[in-house]
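Visitor: I would like to learn how to read the features of a protein model, with aromatic pairs among them. Could you take me through one slowly?

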Amino acid sequence: MTTDLIVFSGLALVAVASAIGLLASQNAVYSALFLILNFSTVAVFYLILGAPFIALTQITVYAGAIMVLFLFVIMLLGAEQMGYASPLRWQRPLALFLGVVLAAEAIYVVLTNRALLPTGAQAGPTFGSPVMVGEVLFNQYLLPFEVISLLLLAAMIGAIVLSRGKS
């Protein structure tokens, strides 16, 4: 086994374990901390792939800003002290069935379409650099970028309106 495979396997194990911990935790704060750990392992995956800018963005935006916002909302609303609501009887079997179907589909696609899997081609020296990300974002994806910025602006205005209440 190569060193890359060992590092990847260890990180994959941490990522999957933190995702399971996120889902299984009864405390909302612990779930948010598991999500931060998951975001951090994804950032390390980006570093391994040779994309330091995307890794830094992952840590800054998701593990930093978004998770601080989530934790602030959890603490503000007191969600960590809320009781556990029992799911409907049919939800758990349906979720397990759909999970098994998804896993079976993924295994089928991987085993039958080996030609479509990546071959391990190396990215160029500018892959993931801030210049390349900016060029692609503001040339090729300018319209979707602007639409998302307007959507986020509308969401922010909606949150402000909802938080003001009826006064």
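Guide: Let us begin with the elements: the chain has 6 helices and 0 strands, where helices (H or I, at least four residues) and strands (E, at least two) are DSSP runs numbered from the N terminus. This is a predicted model, in which local features need pLDDT of at least 70 and side-chain atom pairs count only at pLDDT 80 or more, while totals for chains, interfaces and linings use all residues. Residues are numbered from 1 along each chain as its sequence is written, and side-chain values use heavy atoms, with hydrogens and water left out.

Visitor: How is a pair of aromatic rings described?

Guide: In general, one gives the distance of the centres and the angle of the planes. Rings of Phe, Tyr and Trp (its six-membered ring) pair if their centres lie within 6.5 Å, and planes under 30 degrees apart count as stacked, over 60 as edge-to-face and the rest as tilted. By this rule the count here comes to 3 aromatic pairs. One of them joins Phe 8 and Phe 45, a tilted pair with 5.4 Å from centre to centre and 50 degrees between the planes.

Visitor: Which helices do Phe 8 and Phe 45 lie in?

Guide: Phe 8 lies in helix α1 (residues 3-24) and Phe 45 in helix α2 (residues 28-48), so the pair ties together parts that are 37 residues apart in sequence.

Visitor: Is Phe 45 buried or exposed?

Guide: Buried means under 20% relative accessible area, exposed over 50%, and partly exposed in between (1.4 Å probe, protein chains only). Phe 45, with a relative accessible area of 18%, is buried, whereas Phe 8 counts as partly exposed at 45%.

Visitor: What can be said of the rings of Phe 39 and Tyr 62?

Guide: Their planes stand at 45 degrees and their centres are 5.4 Å apart, so this pair is tilted. Phe 39 belongs to helix α2 and Tyr 62 to helix α3 (residues 52-77), so the pair ties together parts that are 23 residues apart in sequence. Phe 39 is buried at a relative accessible area of 16%, while Tyr 62, at 40%, counts as partly exposed.

Visitor: What share of the chain do buried residues make up?

Guide: Of the 167 residues in the chain, buried residues make up 13%. As for contacts (heavy atoms within 4.5 Å), residues 24 or more positions apart account for 57% of those in the chain with a separation of 6 or more.
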